[in-house]
Amino acid sequence: THTKKPTPQSLLTMKVATTLTLAFICCASAFGLNGQTTSVMKKVGFGAGSKPMVQAIDVQGNRLGSNMQPLKSAVANEDAPRGGATKSPVDIGLLLYFGLWYLGNYYYNITNKLALNAAGGKVGFPMTISSLQLGVGSIYALFLWLAPDARSRPKISMDDIVKMLPVALCFMGAHSASVFAMGMGAVSFAQIVKASEPAFAAVLSQFVYGKKVSTAKWLCLPIVIGGVILASVKELDFAWSALIAACIANMFAAVRGNENKKLMETPGLKDRIGTVGNQFAITTVLGFILSLPVLFLREGSRFGEFVQLAKTTPAIWMNLVASGLWFYGYNECATMTLKKTGAVTQSVANTAKRVIVIVGVALVLGESLSPIKLIGCSIGIGGVFLYSIIDNLVKPKK
């Protein structure tokens with residue numbers, strides 16, 4: 001079956017939502033949701049915890065007023081809530097990161113598929129689109145480094161850059177293979193296959209990196225693989241190329257995870273990079289540079305055709321730019337979210353995200369959601385969740 005084309009009204013709604021949310025992502029990424037803006041506001045005298053710049057005091061240093069609170073005490077309690085109120089236990093920044101992560105991932109998958117379809121679908125330009133998406137993210141990352149007070153620049157050396165190349169190569173490979181898989185078949189099917197990444201990670205960890213995987217985790221893998229197979233049985237838009245590409249993406253992602261752990265063990269590297277946002281920005285820029293040779297080898301002879309097609313088909317470049325920004329924004333928000341949460345929360349969050357993306361994107365793009373596919377999807381994602389938490393469930397109590 002052919003993918004159902006979105007109506008003009010749905011496209012208009014998407015454009016409005018994209019514009020508003022991208023603006024919010026830009027603000028969140030540039031200035032942070034972890035309290036940095038609050039501290040800036042306090043410095044200039046705004047916000048709930050601010051004090052008047054000039055205050056009347058007596059000769060003993062007490063503020064004149066109904067409470068007669070000493071200045072020393074006031075300074076010590078400057079950040080305490082006023083009026084006897086208690087601080088909210090809800091981390092608003094974390095909730096916003098969660099929301100932007102989910103929303104960004106959802107819209108990335110939609111705009112990415114629309115760009116692929118507009119550029120020719122299965123016979124189009126998946127490598128060109130994936131590379132240019134990284135290019136859009138790189139431009140945004142450079143903007144944040146150049147903009148005043150947006151983000152501190154990393155202080156890395158050429159030796160550090162060389163050490164980061166394997167991670168960047170795997171990042172580029174995983175992204176490009178994912179885009180190729182989504183171009184060859186349904187987005188929901190590609191996402192279901194990508195959910196089996198723990199199987200690849202387990203094999204690599206055990207047999208390549210020498211890191212033992214528990215028996216309990218191995219027992220979870222047949223559930224994951226069985227769910228993916230079941231979801232593929234009645235897939236109307238099944239293509240071996242999509243399945244193989246999604247598996248290649250999983251392999252690159254699994255290698256990237258292990259290589260990133262090794263990279264972060266480099267003495268002093270974290271301090272030179274500065275922030276997790278900087279780390280993702282550097283990886284994106286290096287990934288874009290590494291993608292260019294692959295782009296010219298695979299689709300370089302047709303690049304002029306792509307440029308002409310993009311000039312006459314606004315849906316290509318509009319969705320290309322949007323998907324590039326969504327990809328960068330949701331990955332950065334995901335990084336910030338995972339940094340602030342524990343392992344179990346991360347597992348639940350990833351599971352919920354996959355369900356939302358698979359079902360939501362399938363409904364918007366008119367992809368098949370047969371009962372067998374939904375059952376297989378549920379089994380596969382449930383197996384991934386169980387794989388993520390099984391060691392905590394079966395570990396002996398102290």
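Ile223, Ile225, Ile229, Val233, Ile372, Ile375 and Ile379 form a nonpolar patch on the surface, with about 560 Å² of accessible area together. Patch members have over 30% relative accessible area and no salt bridge, and their nonpolar side chains are joined within 5 Å. The model is predicted: local features need pLDDT of at least 70, side-chain atom pairs count only at pLDDT 80 or more, and totals for chains, interfaces and linings use all residues. Residues are numbered from 1 along each chain, and side-chain values use heavy atoms, without hydrogens or water.

Helices α9 and α16 each supply at least two patch residues. The largest share, four residues, comes from α9. Isoleucine 379 lies in α16. This isoleucine 379 counts as partly exposed because its relative accessibility is 36%; buried means under 20%, exposed over 50%, and partly exposed in between (1.4 Å probe, protein chains only).

Helix α8 (residues 197–207) has buried residues Pro198, Ala199, Phe200, Ala202, Leu204 and Ser205. These pack against α9 (215–233), α10 (240–263) and α16 (371–394).

Helix α5 (residues 126–146) is mostly covered, with 16 of its 21 residues buried.

The largest nonpolar core has 77 residues, of which Trp101, Ile129, Phe306 and Val361 touch the most other members. A core joins buried Ala, Val, Leu, Ile, Met, Phe, Trp, Tyr and Cys residues through side-chain atoms within 4.5 Å. Helix α4 (residues 92–118) gives the most to this core, 13 residues. Another core, of eight residues, lies apart from it; Ala199, Ala202, Val213 and Cys220 are among them.

Key. Contact = heavy atoms within 4.5 Å. Patch = residues over 30% accessible without salt bridge, like charges linked within 9 Å, V, L, I, M, F, W, Y side chains within 5 Å. Areas by Shrake-Rupley, 256 points an atom, 1.4 Å probe, with all protein chains shown as cover. Salt bridge = Lys/Arg side-chain N within 4 Å of Asp/Glu carboxyl O.
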